[in-house]
Amino acid sequence: MDTSAVYCGDDTPKRDSRRCISWGAGGTTASRGAGSAGEMSLVVRSGMLEQEINGGEEQVNEKSKNPHWNAIGYRVEEWREEPAEPVAPAPARSRPLDNGVVETRALNDTTLLSSLADKGLAAKPGSSDAHHTVQCDVVIVGSGCGGGVAAAMLASAGYKVVVVEKGDYYTADDYSSIEGPSMERLFENGGIFCTSNVTTMLFTGTTIGGGSAVNWSASIRTPGEVLQEWSREHGLPLFASPGYQQAMDAVCARLGVTDGCLEEGFQNKVVRRGCEALGLHVDAVPRNSSKGHYCGSCNFGCPTGDKRGTDTTWLVDAVKHGAVVLTGCKADRFILERTNGKNGRSKKCAGLMATCLSNGITKKLRIEAKVSISACGALMTPPLLHRSGLKNRHIGQNLHLHPVSMAWGYFPEKKQGAPITGKSYEGGIITSMHRVTERTIIETPALSPGGFAAMVPWESGRDMKERMRRFARTAHAFALVRDRGAGTVDCEGRLRFTPSREDTRELRNGLRRVLRILVAAGAAEVGTHRSDGLRLRCKGVRDEDLEAFLDEVSIEKGPMHSTTDKWGVFSSAHQMGSCRMGSNCKDSAVDGRGESWEAEGLYVCDGSLLPTAVGVNPMITIQSLAYCLSKEIAQSLPHAKKH
């Protein structure tokens with residue numbers, strides 16, 4: 001299979017066309033569209049929708065609008081009103097982290113050292129080719145669900161904390177909700193991140209707040225049966241303790257989690273109506289926002305500021321207690337020193353070596369610390385630990401992704417009966433959930449035009465054009481499985497994942513349930529994302545016709561592995577387990593306190609710790625675990641001087 005071949009509306013393979021679809025193995029460039037001169041065609045590049053008319057390409061104008069969005073019923077919500085007449089520029093508003101953030105991309109060696117000193121850090125300039133040296137109590141790599149909570153807990157205990165984040169700092173005023181630039185700024189690899197065996201597309205945040213800045217607000221507590229499993233089968237009593245329950249309470253309180261919403265968006269209304277028509281139970285999904293939060297673009301950073309990620313909660317607490325946050329700064333390796341050690345550990349961690357991503361900063365940073373914490377997520381923590389010299393065989397193994405398979409339903413606006421109001425991109429992203437089995441749930445995604453165009457099956461230029469015209473009234477829902485098949489993180493940016501046969505069966509049953517729900521909700525047409533464009537027109541469909549269609553539904557392997565003309569690709573926004581915690585070094589990468597089995601003073605505090613997949617959106621689980629572990633770390637350190 002030639003994975004760089006291009007297919008146009010006439011189904012003829014070609015090599016070079018801006019009006020075609022290119023199936024690149026990594027998905028870095030995918031173009032779609034066809035039609036005669038004067039017709040609209042579509043181009044997707046790095047997840048961004050562009051349009052061409054008469055050969056003239058336009059993305060958005062100076063007012064952040066695209067004149068062709070009207071054709072697909074799309075608009076970007078304007079949360080801030082533009083003044084009717086020109087006014088004098090208002091003074092820059094202070095941002096929540098301004099007292100602690102050092103944005104290194106804009107600095108040089110001199111201004112960096114000056115900024116660090118201004119934030120209360122002991123910083124020594126390097127001589128000749130040596131590094132700059134920074135001293136603190138705790139250094140944390142990553143500012144997301146794990147790192148943000150750990151920073152707050154340790155800083156509030158009186159320790160001088162430095163958070164290292166390779167992404168940049170944005171606030172609600174910076175979020176445009178425009179797909180292309182948002183993906184480029186806020187996601188790893190610009191949002192185009194695929195497993196090396198081309199089975200799964202992954203989405204992971206790389207900005208201040210990490211995944212909590214771009215997730216879909218679902219704030220679900222760790223299921224009780226999962227806690228019992230982790231405690232009983234993995235020898236981790238923490239998860240069955242009152243302390244963990246108290247941590248979940250504290251996390252939900254700090255995030256302002258609410259249990260319902262005042263108005264659901266279009267896609268969630270569809271799921272709820274379909275479930276009710278079939279007599280299926282629907283759960284309201286708690287969110288870290290107000291009940292009235294109706295933003296459908298929180299996946300690009302919440303422009304209203306209503307969603308409460310670590311960037312507006314825990315990191316604010318950390319900075320209030322003297323923490324310093326370095327942005328545009330990439331961790332190279334932890335500094336490990338030989339020692340007699342305790343508890344069998346032969347090394348001791350003395351801090352972190354890091355590189356500032358500024359052309360003006362010529363020297364690396366040596367950040368010396370009593371405690372070092374890796375909290376850069378299940379995809380980035382294993383490579384960092386390997387680069388640091390750790391050898392535990394479980395580092396990078398046991399990766400779980402919560403693989404997702406999607407289905408869609410088209411709901412014409414003028415359909416007879418009680419219409420479901422709204423558009424696919426409006427309203428809270430996840431407010432309703434249906435549980436299919438103990439391992440499979442159904443939720444709704446965020447899909448903007450570029451993502452929509454990149455994911456739906458290609459049949460022809462005319463079909464793609466028609467799909468895009470239906471964009472605003474096409475509801476998507478997905479089946480998500482608590483996967484038992486485990487993947488591997490080989491190195492930074494390279495990982496492998498294949499679901500088990502049991503996972504595939506669960507996904508197929510879940511996808512069939514999604515389609516039943518869409519039909520019951522009143523869809524005019526339903527289908528899957530399988531490469532052959534499997535679909536069913538629902539008008540006048542008989543029960544036996546629906547069953548025959550559902551019998552055709554399958555979960556196919558990725559395009560590099562399929563032995564037929566049918567293939568599919570999973571999606572994943574949750575990554576877990578690649579440095580799992582456990583009761584002994586033979587079965588885990590770190591101990592039950594999150595500390596490396598090999599290096600004293602080196603901890604992991606992110607989703608990679610989870611012993612298995614959790615089966616629901618993992619934000620509350622990761623933050624609650626970080627709360628418990630960082631609280632214990634603070635208690636184990638010598639009494640700190642107040643900063």
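**Close-up 1. The tilted pair of W216 and F478.** There are 10 aromatic pairs in this structure, which is a predicted model. Here we look at one of them: the ring centres of W216 and F478 lie 6.3 Å apart and the planes meet at 55°, so the pair counts as tilted. With a relative accessible area of 22%, W216 is partly exposed, whereas F478 is buried at 4%.

**Close-up 2. The stacked pair of Y425 and F471.** In this view the planes are at 5° and the centres 6.1 Å apart, so Y425 and F471 are stacked. Y425 comes from the loop between β21 (404–410) and β22 (432–435), and F471 from the loop between α11 (461–469) and β24, so this pair joins parts that are 46 residues apart in sequence. Both Y425 and F471 are buried. They also belong to a cluster linked by ring pairs, together with W69, Y74 and F452.

**Close-up 3. The largest nonpolar core.** This core has 107 residues, and V138, I140, V161, L326, L352, I367 and I373 are those with the most contacts inside it. Helix α14 (residues 619–636) gives the most to the core, with 10 residues. Zoom in on L326: leaving aside neighbours within four places in sequence, L326 is in contact with V102, L116, V162, V163, V164, E165, L365 and I367.

**Close-up 4. Another core, lying apart from the largest one.** This one has 33 residues, including V271, F411, L515 and L518.

Methods:
Residues are numbered from 1 along each chain as its sequence is written. This is a predicted model: local features need pLDDT of at least 70, side-chain atom pairs count only at pLDDT 80 or more; totals for chains, interfaces and linings use all residues. Side-chain values use heavy atoms; hydrogens and water are left out. Rings of Phe, Tyr and Trp (its six-membered ring) pair if their centres lie within 6.5 Å; planes under 30 degrees apart count as stacked, over 60 as edge-to-face and the rest as tilted. Buried means under 20% relative accessible area, exposed over 50%, partly exposed in between (1.4 Å probe, protein chains only). Helices (H or I, at least four residues) and strands (E, at least two) are DSSP runs, numbered from the N terminus. A nonpolar core is a set of buried Ala, Val, Leu, Ile, Met, Phe, Trp, Tyr and Cys residues joined through side-chain atoms within 4.5 Å. Contact means heavy atoms within 4.5 Å.
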